[in-house]
Amino acid sequence: MSTRVSLFVTCIVDQVYPQVGIAITEVLERLGYQVDFPATQTCCGQPAFNSGYPDQARTIARHFLDVFRDSEYIIVPSGSCASMISHHFADIFEHHPALLAETHRLEPRVWEFSRFLLEVAGVEDVGARFDGIVTYHDSCHALRELRIKAGPRKLLAKVQGLTLAEMDVAEECCGFGGTFSVKFPEVSGAMARTKIDSIQKTGASTIVSIDSSCLMQLQGVIDRAGLPLRTLHLAEVLASK
Amino acid sequence: MNAPEADIQQSLGDPRLQLAIYTATRRLIDHRAGVVSDEVLPYYQDLRNEANAIKKHTIENLDYYLEQLESNVIAHGGHVVFCRTGQEAADFVLDLAKKRGVHMLVKSKSMTSEEIHFNERLEKHHLEAVETDLGEYILQLAHQRPYHIVAPALHLTRYDVADVFTKELGAENEVVIEKQTKFARGVLRQKFLQADIGVSGANFLIADSGAIVVVENEGNARLSTSAPRIHIAIAGIEKVIPRAQDLAVFLNLLGRSATGQPLTVYTSFLSGPRRPTEIDGPDEFYLLLLDNGRTKLLQDPEKRQSLYCIRCGACLNHCPVYRKIGGHNYPWVYSGPIGAIITPQFHGVNEDTWLPFASSLCGACAEVCPVKIEIPKLLIKLREEVVEVKRRQAAGDLERFAFQLFAWIATHPKIYLLLASLGSFFFPIVPRIGPLKQWASQRTVPEPANQSFHQWWASRSKGSS
């Protein structure tokens, strides 16, 4: 019997980038997984947590714990949301022993998508084909909290037709930062433009990341400037044929 | 106070300034990376853990180590003065200068003295204080405060410096850095010879030996602390470390983190006035231990780790926000991520409420902090405190309501799905937290998808059953 995995698509993928969730479903099914989508899922609560509203974040996190209580593998198409669940739920339940214990039981079951492919599915080559030069953006929470750096690059390296061109500031923040992007729009925009300047020097036409929020930020600035660049989630590249 | 938006815009819109900040911080980033790599320093992470543990232990036993330090400084013939405020520190120096008939003093670089507006306080009473660190000297002439904890004149180019020297000292307009340095050295050498008091900061205060440690690259601190008759060191109480051997950890980290040097050019160990058998050193030595709000920080068991800071500036260099807005848009002399966490704690979270929010929480600061201060975590704690202050002031109602609504919707899946089916969960809520126009001021707004993932999944399940 095939292993069942539960998808937590995140609110941004659900609402703005459903194609990322669809791509993940395709890749996982192609690898023989039975994909489950708990329909009462909503958000991880990170916007509230990062903005100084721990009570509201806790409310949402409790809902998350309820929804995914029975899931063996929880696949998340975002380093930032995965880290919220596996690193910061423990912060918000610090003084709630029962929920903290439940969080600790949940933590090892949360898998950022690329890490799941490499460490659980054990595949580097998912049989994808994508023609073009791409550059990879290290999203901050994936890089610094989940320590994801080489993994997505390994997966990209096995995609036929794809050339990976590294930018010189791959590890620098894109400037999104959730509500930071609207509280300090000029600073946030300037950070994105620095990143894009670096990307343009690589000759890449596609920017790949494992976080759709970073890509929304970068694509927004790219479109405003009318640049010939596009952003894609890693899952979309891996689902390409 | 709200964010100084106009000033921030001006900094962002100044290409010369942006290039100066970017180039200088890039260089510091690269230099640091070269000396903390696995090949060069395989035990770098161990050193950070050790530094964190020593600082934690010391801060939690600060009373003990300060008393030990005090008795050892006195045993060497020095004096220790505990100062609750900057005013008390300045008053002590003014009084001493008056008693000894001193009209001019030289200073080496000290952020602690910047923090208490030391020079201004003295000058009000006609006691001249001359900065002898080159960057600080340039800024003193230009009437500016430090732009950066370690590289105070990081934002100025050699052309700016030429203008300052011409305008303030009547020098020829000289843009060759070596010649500028030589010129400044000539002016400052006279000051060293004339001054009767030398004031320094201190990077470390060693409890078990009563010595203070000053690191620098220019030699001016060594001159400031040994040429004049009287040496006064000003240091925050958190600068104490238990043992001399702890320096093996801290000196290894400080220079690497700050400028990418395994060690700075000069490391001075100063333990009191000249002994009868010695030929160099001051006649009198005073250590001014400054509180100025530090004991207030000690009260919070989590946030007190802010006092571990050794002022290396690495968090500034790596901070994408600092690198855009620069040092002068921060409200206090401590800028960048460390400034963002200590300013609200020293001044109160009700002041400059914007500061903890001026971060994308990218975590680059925490990653490079040699003493492992959890800066992003503390920023979030401070955000919570700001939200609470605003609630008590009955301010920020709209944002609070938006997050309450957000949490309510996110825990009521049917409502969430209903709004989602209208393509309006994300967009009507998020824009109210920070208006949509703020997003659109810099970026194109993405189109909501025609069909959410929830809808796609539902239709797919229907199709396959």
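Residues are numbered from 1 along each chain as its sequence is written, and chains are lettered from A in the order in which they are written. Because the model is predicted, local features need pLDDT of at least 70 and side-chain atom pairs count only at pLDDT 80 or more, while totals for chains, interfaces and linings use all residues.

Between the chains, 55 residues of chain A are in contact with 50 residues of chain B (C-beta atoms, placed from the backbone, within 7 Å). Among the elements of chain A that give two or more residues to this side are α2 (18-30), α4 (54-67) and α11 (185-200); helices are DSSP runs of H or I with at least four residues, and strands are E runs of at least two, numbered from the N terminus.

Within chain B, helix α3 (residues 44-60) has 17 residues and reaches 24 Å from its first C-alpha to its last. Its buried residues are Ala51(B), Lys55(B), Thr58(B) and Ile59(B) (buried: 20 or more other C-beta atoms within 10 Å of the residue's own; exposed: 12 or fewer; C-beta atoms are placed from the backbone). They cover an arc of only 95 degrees around the axis, so they lie on the same side of α3(B); the arc is that of the directions from the helix axis to the C-beta atoms. The face turned away from this buried side carries the exposed Gln45(B), Asp46(B) and Glu60(B). The cover over the buried residues of α3(B) includes α4 (62-75), β8 (240-241) and α12 (247-259) of chain B.

Technical notes:
Expected span 1.5 Å × (residues − 1). Contact = placed C-beta atoms within 7 Å.
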